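Student: Hey, I've got a new chain open here and could use a guide. Can we go through it together?
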Amino acid sequence: MKRVKFLTVAGVISMVSIAALTRFDSNAGAFECRDLVEGEQIYAASCATCHDSGVAGSPRLGNADEWTPLLAKGGAVLRSHAMRGFNAMPPKGGRLDISDYAFECAVSYMISKVD
């Protein structure tokens with residue numbers, strides 16, 4: 001059996017255009033939304049409560065040190081955590097009243113702000 005070496009991408013991800021990460025590979029089960037205006041509105045109304053200050057370890061808006069390890073896990077993992085909840089974050093950040101698409105817009109907006 002041939003062994004293949006894999007490099008950790010956490011250090012490399014910051015060199016990638018973060019704007020390109022606002023649409024993850026749909027085959028990986030990740031985000032499709034490109035409407036960052038809608039995403040910003042949802043973020044301001046709901047997500048900012050935790051993601052502006054980092055409540056309970058949530059990655060703060062625009063903080064590359066906190067977002068890079070999450071982005072390095074790939075779109076499918078990030079989508080799963082965001083949609084189903086992870087650690088202290090409830091499913092869809094507690095916004096079960098909005099569509100999956102609208103929620104994905106908010107996450108895409110947050111990813112677009114990573115410095």
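Student: That residue Ala56, is it buried or exposed?
Tutor: Ala56 is exposed, because its relative accessibility is 60%, and the cut-off for exposed is over 50%. One thing to keep in mind as we go: this is a predicted model.
Student: Okay, and where does Ala56 lie?
Tutor: Ala56 lies in the loop between α2 and α3, with α3 covering 64-72.
Student: What about its phi?
Tutor: Ala56 has a positive phi of about 55°, although it is not a glycine. For background, most residues other than glycine have a negative phi.
Student: Which other residue has a positive phi without being a glycine?
Tutor: Asn87 does, with a phi of about 50°. Asn87 lies in the loop between α4, which is 75-84, and α5.
Student: And is Asn87 buried or exposed?
Tutor: Asn87 is exposed, since its relative accessible area is 70%.
Student: Let me zoom out. How many helices and strands are there?
Tutor: The chain has 5 helices and 0 strands. Along the sequence the pattern reads α-α-α-α-α.
Student: How much of the chain is buried?
Tutor: Buried residues make up 35% of the 115 residues. The accessible surface of the chain comes to about 7000 Å², and 56% of that belongs to carbon and sulfur atoms.
Student: Now a pair of helices. How do α2 and α5 cross?
Tutor: Their axes come within 7 Å and cross at roughly 80°. So α2 is roughly perpendicular to α5.
Student: What kinds of residues form that contact?
Tutor: The contact of α2 with α5 divides into 10 nonpolar, 4 polar and 2 charged residues. On the α2 side they include Leu36, Ile42, Tyr43 and His51, and on the α5 side they include Tyr101, Cys105, Met110 and Ser112.
Student: What does His51 touch?
Tutor: Leaving out residues up to four places away in sequence, His51 touches Tyr43, Ser58, Pro59, Arg60, Leu61, Trp67, Met89 and Met110. With Pro59 there is also a polar detail: the backbone oxygen of Pro59 lies 2.6 Å from a polar atom of the His51 side chain.
Student: And Cys50, what does that one touch?
Tutor: With residues up to four places away left out, Cys50 touches Val55 and Ser58. Cys50 is also in helix α2, residues 36-51, and counts as partly exposed because its relative accessibility is 33%.
Student: How far is Cys50 from Arg60?
Tutor: Cys50 and Arg60 are 7.9 Å apart, C-alpha to C-alpha, and 10 residues apart in sequence.
Student: Last one: where is Asp115?
Tutor: Asp115 is in the segment after α5, and at 72% relative accessibility Asp115 counts as exposed. Apart from neighbours within four places in sequence, Asp115 is in contact with Gly62 and Ala64. The C-alpha atoms of Asp115 and Leu61 are separated by 9.3 Å, though these residues are 54 apart along the chain.
Student: Great, thanks!

Notes
Residues are numbered from 1 along each chain as its sequence is written. Side-chain values use heavy atoms; hydrogens and water are left out. Helices (H or I, at least four residues) and strands (E, at least two) are DSSP runs, numbered from the N terminus. Buried means under 20% relative accessible area, exposed over 50%, partly exposed in between (1.4 Å probe, protein chains only). Accessible areas come from the Shrake-Rupley method with a 1.4 Å probe; for residues, only the protein chains shown count as cover. Contact means heavy atoms within 4.5 Å. A polar contact is a pair of N or O atoms within 3.5 Å; within protein, one must be able to donate a hydrogen and the other to accept it, and residues adjacent in sequence count only if both atoms are side-chain atoms. Axes are lines fitted to C-alpha atoms, for helices over the stretch in contact, and angles run from 0 to 180 degrees between N-to-C directions. Angles under 35 degrees count as roughly parallel, over 145 as roughly antiparallel, 65 to 115 as roughly perpendicular and the rest as oblique. Ala, Val, Leu, Ile, Met, Phe, Trp, Tyr, Cys and Pro count as nonpolar, Asp, Glu, Lys and Arg as charged, and the others, Gly among them, as polar.
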